[in-house]
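Student: I have a protein chain open on my screen and would like to learn how to read it. Could we go through it together with questions and answers?

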Amino acid sequence: MAACAIAYGFKVYTRKNIRNHEEDFTWIEDNCYLTNGDYAMFEEIMENEF
């Protein structure tokens, strides 16, 4: 899922990057997170593509 997000131009963060700001991010897999706003857009794209 992270590879798809990167392919669509989203910046993927790691747990180390988001430390102390976890509430602003959504987990997508393993150690990969998107900002909440980016995740909403990514989710919409995925629904339309698949």
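**Reading the fold together**

Student: Happy to start! Before we look at details, what kind of model is this?
Tutor: Good place to begin. Keep in mind throughout that the model on your screen is predicted.

Student: Which residues make up the largest nonpolar core?
Tutor: In general, nonpolar side chains tend to be buried together in soluble globular proteins. Here the largest such core has eight residues in all. They are A2, A5, F10, I28, C32, L34, F42 and M46.

Student: How many aromatic pairs does a search of the whole structure find?
Tutor: One is formed by F10 and F42, with 5.7 Å centre to centre and 75° between the planes, an edge-to-face arrangement. F10 lies in the loop between α1 and α2 (15-18) and F42 in helix α3, so this pair ties together parts that are 32 residues apart in sequence. F42 is buried, at a relative accessible area of 1%. For the whole structure, the search gives two aromatic pairs.

Student: Is the pair of Y13 and F25 stacked or edge-to-face?
Tutor: Check where the partners sit: Y13 is in the loop between α1 and α2 and F25 is in strand β1, so the pair ties together parts that are 12 residues apart in sequence. F25 counts as buried, at 17% relative accessibility. The ring centres of Y13 and F25 are 5.1 Å apart, and because planes over 60 degrees apart count as edge-to-face, their 70° makes the pair edge-to-face.

Student: How many disulfides does the search find?
Tutor: A disulfide is a covalent bond between the sulfur atoms of two cysteines. For C4, the closest cysteine sulfur is in C32, 12 Å away, which is too far for a bond. C4 is partly exposed, at 31% relative accessible area, whereas C32 is buried at 18%. The number of disulfides is zero.

Student: Now the strands. Do β1 and β2 pair in the parallel or antiparallel sense?
Tutor: Strand β1 covers residues 25-29, and four bridges join β1 to β2. Two examples are E29, whose bridge partner in β2 is C32, and W27, whose partner there is Y33. The sense of the pairing is antiparallel.

Student: What is the distance of the polar contact between the side chains of T26 and N36?
Tutor: T26 lies in strand β1. Leaving aside neighbours within four places in sequence, T26 is in contact with C32, Y33, L34, N36 and Y39. Its side chain makes a polar contact with that of N36, at a distance of 2.7 Å.

Student: What is the phi of D30, in the hairpin of β1 and β2?
Tutor: This hairpin has two residues between its strands. D30 is located in the loop between β1 and β2 and is exposed, with a relative accessible area of 64%. D30 is a residue other than glycine, yet its phi is positive, near 35°.

Student: And where does N20 lie?
Tutor: N20 is not a glycine either, and it has a positive phi of about 75°. N20 is exposed, with a relative accessible area of 61%. You will find N20 in the loop between α2 and β1.

Definitions and conventions: Residues numbered from 1 in each chain as written. Predicted model: local features only at pLDDT ≥ 70, side-chain atom pairs only at ≥ 80, totals over all residues. Heavy atoms only, no water. Core = buried A, V, L, I, M, F, W, Y, C linked by side-chain atoms within 4.5 Å. Buried < 20%, exposed > 50% of the residue type's maximum accessible area, 1.4 Å probe, protein only. Disulfide = S-S within 2.5 Å. Pairing = 2+ DSSP bridges. Phe/Tyr/Trp six-rings, centres within 6.5 Å; stacked < 30°, edge-to-face > 60°. Polar contact = N/O pair within 3.5 Å; in protein donor to acceptor, adjacent residues only side chain to side chain. Contact = heavy atoms within 4.5 Å.
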